[in-house]
Amino acid sequence: MSQFLQPTILLLREGTDTSQGRAQIVSNINAVQAVADVVKSTLGPRGMDKMIQTGPKVTISNDGATILNLLEVVHPAARVLVDIAKSQDDEVGDGTTSTTLLAAELLKEAKPFIEEGIHPQIVIQGYRKALELALEKLEGFSINISRDSPEDKRNTLLKCAQTALNSKLLANTKQFFSELVVSAVEKLDPNILDRDLIGIKNVTGGSVTDSFLVDGVAFKKTFSYAGFEQQPKRFENPKICLLNLELELKSEKENAEIRIEKPEEYQQIVDAEWALIYEKLETIVKAGAQIVLSKLPIGDLATQYFADRNIFCAGRVAQEDLLRVQKATGGQVQTTVNGLNPETFGTCGLFEEVQVGAERYNLFKNCPQSRTATIVLRGGAEQFIQEAERSLNDAIMIVRRCFKANKIVAGGGAIELELSRYLRHYARSVTGKTQYIVNSYAKALEVIPRTIAENAGLNSIEIMNKLRQRHAQGGDEGRWYGVDINGQSGVCDTHSSFVWEPSLVKRNALCSATEAACAILSIDETVKNPKSDQDTKMKPKGQPGRPPMGMRR
Amino acid sequence: MSLAFDDYGRPYIILREQGSKKRMKGLEAYKSNILAAKAIANTLSSSLGPKGMDKMLVSADGDVSVTNDGATIVEKMEIQHPTAKLLVELSQSQDAEIGDGTTGVVVLAGKLLEQALTLLDKGIHPLKISDGFDRACDVAIKHLDQIAEEIDIQQNDHEALIQAACTALGSKVVSKRKRELGKIAVTAVLDVADLTRKDVNLDLIKIQTKTGGSVEDTRLISGILIDKDMSHPQMKKEVTDAKICLLTCPFEPPKPKTKHNINISNAEDYKKLYQQEQQYFVDMVKLVKNSGANIALCQWGFDDEANHLLLQNELPAVRWVSGTDVELIAMATGARIIPRFQEITPQKLGKAGSIREVQFGTSNERMLVIENCQCTKAVTILIRGGSQMIVDEAKRSIHDAICVIRNLIKDNRIVYGGGSAELACALQVLQYADEVSSVEQYAVRSFADALEGIPNCLADNCGLNPITSVAQAKSRQLAEKNPRIGIDCMELGTSDMKEQKIYETLSSKKQQIQLATQVVKMILKIDDVIAPDDY
């Protein structure tokens, strides 16, 4: 009988999950909403924090990118949101929550169109057009600060840093930290502004206002051997020798073997080994080094040898710290002591070992080529400092961007509302479906001020109406009206109350949010391979597939 | 987390292992966080004050410790809950920064959270609460600066320091001997302190414990005590005018680090090898002896042969001295650490007035005391006590006292204890509250209530009626304008803490209020908890 049966065509493996068509788009949009909902309440100066436990590690954060990453989103469409938050984080460092919210809101606005049967590509085209217009307008609205005097510029940078810190745990001490951040960024080479050259060190204990900036490098005392305490702990204008060399009595070659024929030769071998290490140490001392830092261990023998000769040494210095010392002091890292040249030594104004909280820290201050700075953060609990570090990171990135781009806009939802007003105005002048779509884009932009107001516990509907009215009056007066979380009326001119952001942040946020929304709208089929699904189930519990976000630089 | 379904009845799997994750949001999250933190604070609150009780903590391995020290209790409780862990860290950072007041800081944080909970019930936005707390905290800190008094630490044989140490020791199991122990701690700190730089390196005070005897036998040794004895029982037990040779190489034939083989082909060579080995020992001992040293301390072990030779040459020696001890001895005696025998020179030897072996009670355990060192910078406190638990607790208590004295040397301003400083701050904050026109007013007022919680708790622990005694103290503070009125815990008949001589350092009190506020603010800012479901 079998020959009469139609053969079944197996295109996909059994268990493959496929879904397609319009329903798929709607379903994806819903998933994105669910993810955006999680970060929604972190937006704005009254935004709340999230506590996420992954295994034994607990993270408390307000940073959109950090939260999304820790959530371990597996839904394929929703993952797009995580990726745009990350790209915003990498590119500008701040504004990750607003990017996510904006993308989700754009999709939400698109949902009725899709359901009504408008082709997704039309929506996409409309959004792209709206983005183009918005970016153009954003450029026109931004205020250029490059012509300002240095003091004014510094002031602007301070304001931007404060805006970035507004929503974080450090909000109450933002004056203090904005100073810290701006001074740190000013230390850097203005042409490169390498973020890696600003170190942040955490020491628990003390109040946050005990944090301080070192115009140079600071790192924790490394593991030391007996004899370390006899070394001098303070130098002025020292010669610093940087090494990538192990200073220990050890076998020179891993697999070497010695055959000794006569007992007399025994002592020679022993002496030879000692001679090797002594030769190295002597070269360093002869070259006149006063501080010896090495990435590899410095053994007890070397520690005592240096102690006898009033030299300070530290072994096992972390790579990044050594790199910063190198930049700050102008020294060069040597991998051998052969032909050690005093020219390769670095120097700094003052070297000191000091007590910070329960730890001892090595400080290299007043470096001649100081193109690096270190912020030592203090605070009550481990998580507190970690979150403070993330917040400072955002602020540093913002200041850096501001330094480069020189253009700012007013925050507090003001710029979004102004763009929204402009787009609405524009929409009336076009015919066809695009009118609807551009209008929706304009409506989606309003999510930012609305959420800020909602999070602050204000009546968002009332405030949105007030704001729309202000902006509709047009002109320069109404342009910068945004949400005011402190005052009675709920709205204020955010430009004159110094809520400033670099326009680049907004630019990037708009671009990536629109791109993400368009990408999700254009997916009409998902094919999910059953194998990959099983893989995730096989993984032992409590071991996240992705490394946690804490390592972010 | 519960699952959502799309229009076709399929569940959304948005997060990894979504079904097994628990999520709490909004008010539920605040409340659960606050309750967890409060539970910790409640555990500690009965340990506060001079009549606070101790906790017995049994670890997973069955080790028992009995303590009254806040930081130690929370550390050994092995807390799992993420919010409660914040309080543990709070206590530990107070310990790291100040060393004392670790119980107080947690209790204060607990009281603040308790107040926050009632405010939340009133419907006040959590960030408004935390703003209010922050403003109140600033007021309290400023007021502390005002009521603080400078004391002269030198005056009257360092009486003020001793009193401050006594206050710190007052709440501990050793409180009966607080004056003696306080004196020991003060002398120890002053011995190593650099008064001009106002710096005290606590590493130079070694605290050694030995069970047996009683707490009264606790002594201060102006030198170093190491828990070792001479390598050979027949060696001299005492060396006066010691010249110390500090070695970091073993009394053994040297070994090259490279892998090596010795091939011996005939009996003659073997004999030679043996002789050479013997020669090493002879040479070593000779080198030490020739340098003029009359005692050798070594970080490593001795070969039996060497030990015997040392005895023959009347050279007392100690083996397996730990690395930190070697360093401490080097600092104290001015010795240079010698990495190999060929480098021994008379200049590298350290000098000490006497080194002797002391025996304790009937036990066979002996310890070495190195006294009258050349540059006497290091001191040792030898703590005795009936049981391991008492000794451990005494060690922690003395550590607290030492920290207090160090802080006073750094900053000689004090406030008075017995809850008086908190009460004074509470009154000030309350006054300020009426000036605040916004919602924060409620939070500021609650902050004052929370501050009052400390004297309340003190009175409660002492068996007094908390409400009456706090109310009395408060009214007297107001009537007499005297910020030193506190709770008369010891029932001495006076509530003026200046008369009772209950001193606390200003830095500790300030830190307590600041840290507690900081952590409470952090907890109040969390509105969403995502965690695996299994706890």
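Seven salt bridges (a side-chain nitrogen of Lys or Arg within 4 Å of a carboxyl oxygen of Asp or Glu) are found across the interface of chain B and chain A in this predicted model. One of them joins A:D271 to B:R340, with the closest N and O atoms 3.6 Å apart. On the side of chain B that touches chain A, helix α3 (residues 82-97) gives the most, with nine residues; helices (H or I, at least four residues) and strands (E, at least two) are DSSP runs, numbered from the N terminus. By class, this side of chain B has 32 nonpolar, 17 polar and 28 charged residues.

The contact (heavy atoms within 4.5 Å) takes 86 residues from chain A and 77 residues from chain B. Strand β2 (residues 49-54) of chain A pairs with strand β17 (residues 526-532) of chain B in the parallel sense over four bridges, where pairing requires at least two DSSP bridges. Within this arrangement, A:I52 stands opposite B:I530 in β17(B).

Chain B comprises 16 helices and 17 strands. The C-alpha trace of chain B spans about 100 × 80 × 40 Å along its principal axes.

Residues are numbered from 1 along each chain as its sequence is written, and chains are lettered from A in the order in which they are written. Local features need pLDDT of at least 70, side-chain atom pairs count only at pLDDT 80 or more, and totals for chains, interfaces and linings use all residues, while side-chain values use heavy atoms, with hydrogens and water left out.

Conventions
Ala, Val, Leu, Ile, Met, Phe, Trp, Tyr, Cys and Pro count as nonpolar, Asp, Glu, Lys and Arg as charged, and the others, Gly among them, as polar.
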